[in-house]
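Colleague: I'm new to this structure, so please show me how to read it, one feature at a time.
Modeller: Happy to; here is what we'll be looking at.

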Amino acid sequence: MTSEGGRPGRTEYVLFDVDGTLIDAVSNQRRVWGTWAQRYGLDPDEVYRVALRTRPMDTFAQVAADRDAKECLAVLHELEDEDVRSGVYTAFDGASELLCSLPPGAWALVTSNYEHRVRGRFLRTGLQVPDVIVDAAAVEEGKPSPMPYLQAAARLGAEPGDCLVIEDAPSGVRSGLRAGMTVWGVNAPDPVEGVHRHFLSLREAAPYILARMTSPEGTAV
């Protein structure tokens with residue numbers, strides 16, 4: 001079978017979330033939000049619990065409603081940019097080999113972060129950067145809206161049904177499902193509700209992801 005784009009044998013496109021899926025940034029996020037909370041005299045643990053569930057502007061509305069949201073966001077961006085420059089990042093086991101094995105033009109990154117930070121983190125960890133990155137600035141509605149993943153598919157010239165989403169978080173899983181894509185979960189002890197398949201780690205999922213790219217007639221593996 002020849003898929004759209006004229007690449008014989010390729011029957012899938014792969015769309016990756018970044019933080020928590022390819023790069024382990026939990027400690028970085030906790031540190032950034034902790035520093036932000038201290039700037040405003042707030043409880044770092046409580047702020048981080050809220051930040052894990054919501055977008056930044058929604059977090060500010062809950063934990064710092066009396067503060068100017070634009071100022072809060074500017075401070076957060078300053079701290080995140082500094083963390084990209086000086087923080088310690090680790091790619092999940094198997095990420096580098098997996099990305100290097102994927103056909104060019106067959107995969108993308110879909111992130112709630114910003115592209116310049118993603119590129120900085122990938123440079124720090126030695127991960128390969130794809131041609132397509134859909135970031136927070138690229139869409140009006142972020143995850144769990146389907147728009148980020150739908151835009152990535154469109155930019156790759158792919159139909160949603162031909163896309164495999166690799167995610168770790170509930171909002172990202174919902175985004176991929178609402179886009180009409182196959183969604184696999186990684187890097188969690190328990191499956192996120194709705195995933196079509198669950199793996200304890202990215203390393204465990206890697207051979208199955210690669211098999212989806214080459215299996216004849218799009219056979220599910």
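Modeller: Let's start with two helices: helix 3 and helix 4 cross in the right-handed sense. A crossing is left-handed if the near helix is turned anticlockwise from the far one by less than a right angle, and right-handed if clockwise. Helices here are DSSP runs of H or I with at least four residues, strands are runs of E with at least two, and both are numbered from the N terminus.

Colleague: Before we go on, what kind of model is this?
Modeller: It's a predicted model, where local features need pLDDT of at least 70 and side-chain atom pairs count only at pLDDT 80 or more, while totals for chains, interfaces and linings use all residues. Residues are numbered from 1 along each chain as its sequence is written, and side-chain values use heavy atoms, with hydrogens and water left out.

Colleague: Back to that pair, then: at what angle do helix 3 and helix 4 pack?
Modeller: For angles, we take axes as lines fitted to C-alpha atoms, for helices over the stretch in contact, and the angle between N-to-C directions runs from 0 to 180 degrees. Helix 3 (residues 56–63) packs against helix 4 at about 120°, and the axes are 10 Å apart. That makes helix 3 oblique to helix 4; under 35 degrees counts as roughly parallel, over 145 as roughly antiparallel, 65 to 115 as roughly perpendicular, and the rest as oblique. Pro56, Met57 and Phe60 of helix 3 make the contact with Ala69, Cys72, Leu73 and Leu76 of helix 4, where contact means heavy atoms within 4.5 Å.

Colleague: How do helix 4 and helix 6 lie to each other?
Modeller: The axes of helix 4 (residues 69–86) and helix 6 (residues 115–125) cross at roughly 20° and come within 9 Å. Helix 4 and helix 6 are therefore roughly parallel to each other. Their crossing is left-handed. On the helix 4 side, the residues that meet helix 6 include His77, Glu80, Asp81 and Arg85; among their partners in helix 6 are His116, Arg117 and Arg124.

Colleague: Now the sheet. In what order do the six strands come?
Modeller: Strands of a sheet pair through backbone hydrogen bonds, either parallel or antiparallel. Here six strands form an open sheet in the order 5-4-1-6-7-8, with parallel pairing. Strand 5 and strand 8 are the edge strands, each pairing on one side only. Two strands count as paired if DSSP finds at least two bridges between them.

Colleague: How many bridges join strand 1 and strand 6?
Modeller: Four: strand 1 (residues 13–16) pairs with strand 6 in the parallel sense. Valine 14 stands opposite leucine 164 in strand 6, and leucine 15 stands opposite valine 165. Strand 6 (residues 163–167) also pairs with strand 7 in the parallel sense, over four bridges. Leucine 164 turns up again there, with threonine 182 in strand 7 as its bridge partner, while glutamate 167 has glycine 185. Strand 7 pairs in turn with strand 8 (residues 197–198), in the parallel sense over two bridges, and tryptophan 184 has arginine 197 as its partner in strand 8.

Colleague: What do strand 6, helix 8 and strand 7 make together?
Modeller: A right-handed β-α-β unit, with helix 8 spanning residues 170–178. To see the hand, point the strands away from you: the crossover is right-handed if the path from the first strand over the helix to the second runs clockwise.

Colleague: Finally, the backbone: what is the phi of asparagine 187?
Modeller: Asparagine 187 has a positive phi of about 60°, although it is not a glycine. This residue lies in the loop between strand 7 and strand 8 and, at 22% relative accessibility, counts as partly exposed. Another spot to look at is the cis peptide bond between lysine 143 and proline 144, with omega about 15°. Proline 144 lies in the loop between strand 5 (132–134) and helix 7 (147–156).

Definitions and conventions: Buried means under 20% relative accessible area, exposed over 50%, partly exposed in between (1.4 Å probe, protein chains only).
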